[in-house]
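Student: I would like to go through this structure and ask what stands behind each label.
Tutor: Then put the questions one at a time.

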Amino acid sequence: GTMHSCVEFQIKWIKNNIKPINGCEVYLVDDFEEGRNNRFHLILLAKNRKGIDNLFKMSKFAYDSFYRKPIIDLKTIKENNLGEGLVCLSACLAGYIYRNREDERKVDIFIKECLEIFDYFALETQAHKTEEQIELARLCQYYSKKHNVPMVITTDSHYKEEQDIESHSTFVEIGTEREVGETYTDCYLQPYNKLK
């Protein structure tokens with residue numbers, strides 16, 4: 001939800017001759033003024049300098065409404081023209097599409113708004129072998145055909161190696177003082193040959 005580590009990240013990668021992709025997983029709400037309970041993940045990646053600038057501006061808006069986690073809504077992004085220079089991915093199981101899977105009309109509106117607001121929009125599915133991820137992949141295929149929107153496959157990397165899952169769960173529970181509410185199966189840094 002923030003851009004706090006962006007500069008440090010960019011400096012380290014440039015020093016190692018690697019082109020960084022700056023981005024942010026934002027916490028999207030239906031209404032910036034009212035809704036703080038239903039947060040959805042949304043992935044935003046900067047295509048260029050304008051995109052990086054807009055991510056910083058978005059981060060400021062998100063913190064102006066700070067309540068446990070920074071939040072933003074599509075209306076604020078659209079009204080302030082903050083989608084320029086950004087690639088938007090629909091996100092993981094905590095994203096809008098999976099969380100609203102029972103309401104096709106809401107998902108249709110969300111997709112149309114994202115297509116209008118951002119320079120590029122794609123439906124994201126992840127290469128994790130859980131029933132929920134399989135369901136999300138099917139939903140993405142359906143909406144991809146319905147709206148003629150491309151799909152991307154990603155992996156969620158929360159810990160380094162497969163055997164670290166229990167340590168990661170403990171880390172989340174201690175750090176957030178809550179039980180792990182998301183499925184972190186296969187959320188390690190997977191080698192390319194395993195994803196084929």
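The questions below concern cysteines and a cavity in a predicted model.

Student: Is Cys-88 buried or exposed, and how do you know?
Tutor: Buried means under 20% relative accessible area. Cys-88 has 0% relative accessibility, so Cys-88 counts as buried.

Student: What makes Cys-140 buried?
Tutor: The cut-off is under 20%. The relative accessible area of Cys-140 is 0%, and therefore Cys-140 is buried.

Student: How many cavities of 30 Å³ or more does the structure hold?
Tutor: One. The volume of the largest cavity is about 60 Å³.

Student: What makes a residue part of the lining of the largest cavity?
Tutor: A lining residue has an atom within 4 Å of a point of the cavity. Among the residues that line the largest cavity are Gly-1, Cys-24, Leu-55 and Ile-72.

Student: Which helix gives the most to that lining?
Tutor: H2 does, with four residues. Helix H2 spans 49–64, and both H2 and strand E1 (23–28) supply at least two residues each.

Student: How many residues of the lining are nonpolar, polar and charged?
Tutor: Ten are nonpolar, two are polar and none is charged. Gly counts as polar, and Gly-1 is one of the lining residues.

Terms used:
Residues are numbered from 1 along each chain as its sequence is written. This is a predicted model: local features need pLDDT of at least 70, side-chain atom pairs count only at pLDDT 80 or more; totals for chains, interfaces and linings use all residues. Side-chain values use heavy atoms; hydrogens and water are left out. Buried means under 20% relative accessible area, exposed over 50%, partly exposed in between (1.4 Å probe, protein chains only). On a 1 Å grid over the protein atoms alone, a cavity is a set of points where a 1.4 Å probe fits but cannot get out, and a pocket is an open set with protein on both sides within 12 Å along at least five of seven lines; lining residues have an atom within 4 Å of a point. Grid points are joined across faces, edges and corners, and a volume is the space filled by probe spheres set on the points.
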